[in-house]
Amino acid sequence: MLSSRLLLSLVLIPAFASAAVFPADSLVKMLDAKTFKKAMKANQTSLVAFVAPWCGHCQRMAPEYSKAALGLHPLVPLYAVDCDDDKNKRLCAEQGVQGFPTVKVFPRGSQLPPMVYEGAERTASAFYYYATRRIPASSTSLFRTEEIVPWIEKTVDQRRALLLTKDKKVPLLWKVLANKYKGQLEFGAHRDKKGKSSVALGFEAGDKKESKVLVYAPGSNKPFRYEGINKFDSLSKFFDSVIDGTVDINVINEEAKAEEFEPSEEELAIQQKQEAQRIALLHGGYSDLIDFEQAVLNGNAENYHDVHGFGSPPPLKKKDGEAKAKEGGAASAETAASAETAATAEEVKAETVKAETEAAKPTTEATPTPEAVKVDESHVGKDETEL
Ligand SMILES: *[C@@H]1O[C@H](CO)[C@@H](O)[C@H](O)[C@H]1NC(C)=O
């Protein structure tokens, strides 16, 4: 009796284990109908992958999708829904899911209509850049110092947050916050390269890389300088209190200033992994250097490249090549196309084998149509979670 029970559990365990599409330590959060609704109420840009455990494309996508989730944490959450689970079938139908995986971007939770990811590649960098480029622009860019005061005056009846940054571009974190608080807080951003505008507004010029977040209460043109930590959680907490409006900004700011930066053990582990991933990216892309990433985590990355080389070129370069091939005429375009077909044929074959062994399952798999993903290389390997 005991042995047959043991046998039964041995048979069952692998079946359950294979039901998980994403790795155990993945930052991809599984949603059901209820948590999906809750997630959409947060007004954030997020990606949702609609998957089925038996789907081979989903299994191949999972590690890449997880790497993008790590890279984008905590700015853009990456979610997944198991459409094979009976309790999620209605949600998947409502979302018009017809094949797996279907990845959709929700630019501002339930506030804006979603879009289907139709990129040709399901790689970490493709997901990363797709998600960041789909964040609706909600911060007003103030290019010249002289534009700042008119903007402050024009928006005087609102709560406003102004970023003075030394960065060339509006930082990703600021874009994310501006999108999240759209309709509740006006966001502006100004590049204050040498600190001249800071001085014009009555503040010190500041260090080389220092950012300043200024907050204006409705009806006031006198700014408060936010004194907390320039990260997503701290800034969100601060803005939540500002919007709440029941407590004086001075008091909230004192609280933010006193807040100690003590990440939880879990958060610390995530940050270490993010750092390792960023270094790996600088060394040639997401896909090839996962071993290097591990080497960094293990603390023996120093002579990694001497021993293992630099891996193959990053996906960014390949994309560039493809774009050039398209411009460069039919011959090279054809080469690119046939390479694509070869990969697809191989995948189809693998899928057929899979389908045969699992005859009862539906076999539809989404075939993505190519979309030129223009990758912004300037931010590769940069920590975008801080201002
Ligand atoms: C989401 O946006 C709407 C419209 O601006 C707003 O009413 C709602 O409070 C926002 N939700 C959150 C969680 O900020």
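In what order do the 5 strands of the open sheet stand? Before I answer, please note that the model under discussion is a predicted one.

The order is β1-β3-β2-β4-β5, and the pairing within this open sheet is mixed. At the edges stand β1, residues 29–30, and β5, residues 115–116; each has a single partner strand, so one side of each is left without a neighbour in the sheet. As a general point, the strands of a sheet pair through backbone hydrogen bonds, in either a parallel or an antiparallel sense.

Let me take one of these pairings in detail. β5 pairs with strand β4, which covers residues 102–110, in the antiparallel sense and over 2 bridges. Within this part of the sheet, Lys104 is found opposite Val116 of β5. A helix also packs on the sheet: α3, residues 56–72, touches both β2 (46–51) and β3 (78–82). The direction of α3 makes about 150° with that of β3.

I turn now to the ligand. Which residues are around the ligand? They are Lys41, Ala42, Asn43, Gln111, Gly183 and Gln184. By class, this shell divides into 4 polar residues, 1 charged and 1 nonpolar.

Finally, some totals for the protein chain. Its secondary structure comprises 15 helices and 10 strands. The chain has 387 residues, of which 34% count as buried. Among contacts in the protein chain with a separation of 6 or more, 76% are accounted for by residues 24 or more positions apart.

Definitions and conventions:
Residues are numbered from 1 along each chain as its sequence is written. This is a predicted model: local features need pLDDT of at least 70, side-chain atom pairs count only at pLDDT 80 or more; totals for chains, interfaces and linings use all residues. A residue is near a molecule or strand if its C-beta atom, placed from the backbone, lies within 6 Å of it. Ala, Val, Leu, Ile, Met, Phe, Trp, Tyr, Cys and Pro count as nonpolar, Asp, Glu, Lys and Arg as charged, and the others, Gly among them, as polar. Two strands pair if DSSP finds at least two bridges between them. Helices (H or I, at least four residues) and strands (E, at least two) are DSSP runs, numbered from the N terminus. Two residues are in contact if their C-beta atoms, placed from the backbone, lie within 7 Å. Axes are lines fitted to C-alpha atoms, for helices over the stretch in contact, and angles run from 0 to 180 degrees between N-to-C directions. A residue is buried if 20 or more other C-beta atoms lie within 10 Å of its own, exposed if 12 or fewer, and partly exposed in between; C-beta atoms are placed from the backbone.
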